[in-house]
Amino acid sequence: MSGKQIEMVDLQSQYFRLKDEIDKAILAVNESCAFINGPQVKEFGTHLETYLKTSHVIPCGNGTDALQIALMALGLRPGDEVLVPAFNYVAAAEAVALLGLVPVMVDVEPRTFNISPWQIEPCISRRTKAIIVAHLFGQACDMETILNIAKAYHLYVIEDNAQSLGADYIDKDGALRKAGTLGHIGTTSFFPSKPLGCYGDGGAIITADRRLAERIRMITMHGQESKYHHKVIGCNSRLDTIQAAILDVKLKYLDEFNAYRIKLAIRYNKMLASCKYLKIPQKSSFSSHIYHQYTLIIKDGKRDFFQQYLREKGVPSTVYYPLPLQDQDAFKGIAFMPTKPKVASDLCKSVLSIPIHTEMTKEVQDYIIKTVQEADQLA
């Protein structure tokens, strides 16, 4: 296909679409010189609270910090066990290990890729204190089931919502709640390619619990209760004022951006459903899906062929993730696995994500669909 190179995420075109608003917001910060904890940080946090319909949003430096701070706020002790999904980015398990806690790898659902509620209970021991669930690729985990298990065993639940900000969880009565607001603490990342992304690093911690919010806020500021009075051991994790200003602009467009990716995904589903070697993403009945990633399962060991063919035709693709966490060198001798995460291992050998983003044109999507169909016919 001639013209602009196809991207997994086209951040440049998105910037040009919002350029006037974003440049104005950045200029206001530069003119005020309030680069640290400027008013835009509080304003963005308040606006995100309103969007999520929650009580407390505490911005911080990045999504990994958000996970670590959430764990610190719960007062866990070294040796305590925290359940994490085995098929996930490293950040959650890394934050657990950094605090001297024990990451316990739990298998995931084969079609939604999210942590399997049915694999949680066999992984709980007397040392288990918390569960981190990751709402992967754009849709929420089975939160009612997970929360019921957590309540029965007196466990905290932390939601890693970096990939699903804006997704709706649908409870058994049909009520909608935003992913990231159902557990004791939610976390998110504003990494540039995320559903709500800034132009650097950024993150936030979310909770409806006032006491937890006060503790989290202290932890993000070196454990300060007031200036130079440090009540707890904390860290230095602040959302930059410029990034907050950018995020406040982009938050207004979050639902529009999510809706556009959903539209693209519906078309992918329709056009690729009949492909012999593909399984299209499965949407659960209890969550909307905002398709942060459009992730296919490639059957019969054909993934390498598909990826190579797409590359030759100028279509990028990415494997999220090539190794399950239990096979990462960093966790050998640290992590615990009461049951073998077989589904996670199988997914790492078969998943392939193709481009989906807010600036994708019909022409580009048509070309991607045609190329994937060709690969399927030739495989």
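These legends accompany close-up views of a predicted model.

Residues are numbered from 1 along each chain as its sequence is written, and side-chain values use heavy atoms, with hydrogens and water left out. The model is predicted: local features need pLDDT of at least 70, side-chain atom pairs count only at pLDDT 80 or more, and totals for chains, interfaces and linings use all residues.

**View 1. An open sheet of three strands, in the order 12-13-14.**
Pairing is antiparallel. Strands (E, at least two residues) and helices (H or I, at least four residues) are DSSP runs, numbered from the N terminus. Two strands pair if DSSP finds at least two bridges between them. Strand 12 (278-279) and strand 14 (351-354) stand at the edges. Each has a single partner strand, so one side of each is left without a neighbour in the sheet. Strands of a sheet pair through backbone hydrogen bonds, either parallel or antiparallel.

**View 2. Strand 13 and its partners.**
Strand 13 covers residues 294-298. Its pairing with strand 12 is antiparallel, over two bridges. Here L278 stands opposite I298, and K279 stands opposite I297. Strand 13 also pairs with strand 14 in the antiparallel sense, over four bridges. On that side L296 faces L352 of strand 14 as its opposite residue.

Which residues of strand 13 point the same way as Y294? L296 and I298 do, while T295 and I297 point the other way. Five of the five residues are buried, so strand 13 is largely enclosed by the rest of the structure. Buried means under 20% relative accessible area, exposed over 50%, and partly exposed in between (1.4 Å probe, protein chains only). Helix 10 (residues 303-312) lies across strand 12, strand 13 and strand 14. Helix 10 runs at about 20 degrees to strand 14. Axes are lines fitted to C-alpha atoms, for helices over the stretch in contact, and angles run from 0 to 180 degrees between N-to-C directions.

**View 3. F87 in the largest nonpolar core.**
This core has 72 residues. A nonpolar core is a set of buried Ala, Val, Leu, Ile, Met, Phe, Trp, Tyr and Cys residues joined through side-chain atoms within 4.5 Å. F87 and L272 have the most contacts inside the core. Helix 3 (residues 63-73) gives the most to this core, with seven residues. Not counting residues up to four places away in sequence, F87 touches V108, F113, L136, F137, Y320, Y321, A344, L347, C348 and V351. Contact means heavy atoms within 4.5 Å. Apart from this core lies another, of 23 residues, among them V102, V106, A167 and Y169.

**View 4. A cis peptide bond between Y320 and Y321.**
Omega is about 15 degrees. Y321 lies in the loop between helix 10 and helix 11 (342-348). Both tyrosines are among the residues that F87 touches. Most residues other than glycine have a negative phi, and most peptide bonds are trans.

**View 5. The largest pocket, with a volume of about 560 Å³.**
The lining holds 31 residues. Y89, Q163, S189, F191 and K194 lie nearest the centre. Helix 3, helix 4 (91-98) and strand 8 (185-189) are the elements that give two or more residues to the lining. On a 1 Å grid over the protein atoms alone, a pocket is an open set of points where a 1.4 Å probe fits, with protein on both sides within 12 Å along at least five of seven lines; lining residues have an atom within 4 Å of a point. Grid points are joined across faces, edges and corners, and a volume is the space filled by probe spheres set on the points.

**View 6. Loops on either side of helix 2.**
N37 sits in the loop between helix 1 (11-32) and helix 2 (39-52). N37 is not a glycine, yet has a positive phi of about 55 degrees. N37 is partly exposed, at 44% relative accessible area. K53 lies in the loop between helix 2 and strand 1 (56-60). K53, also not a glycine, has a positive phi of about 55 degrees. K53 is exposed, at 77%. T54 is found in the loop between helix 2 and strand 1. Is T54 buried or exposed? T54 is buried, with a relative accessible area of 15%. Leaving aside neighbours within four places in sequence, T54 is in contact with E49, T181, I206, T207 and A208.

**View 7. K172 and F286.**
K172 is in the loop between strand 6 (168-170) and strand 7 (176-178). K172 is exposed, with a relative accessible area of 73%. K172 and F286 are 114 residues apart in sequence, and 8.0 Å apart in space, C-alpha to C-alpha.
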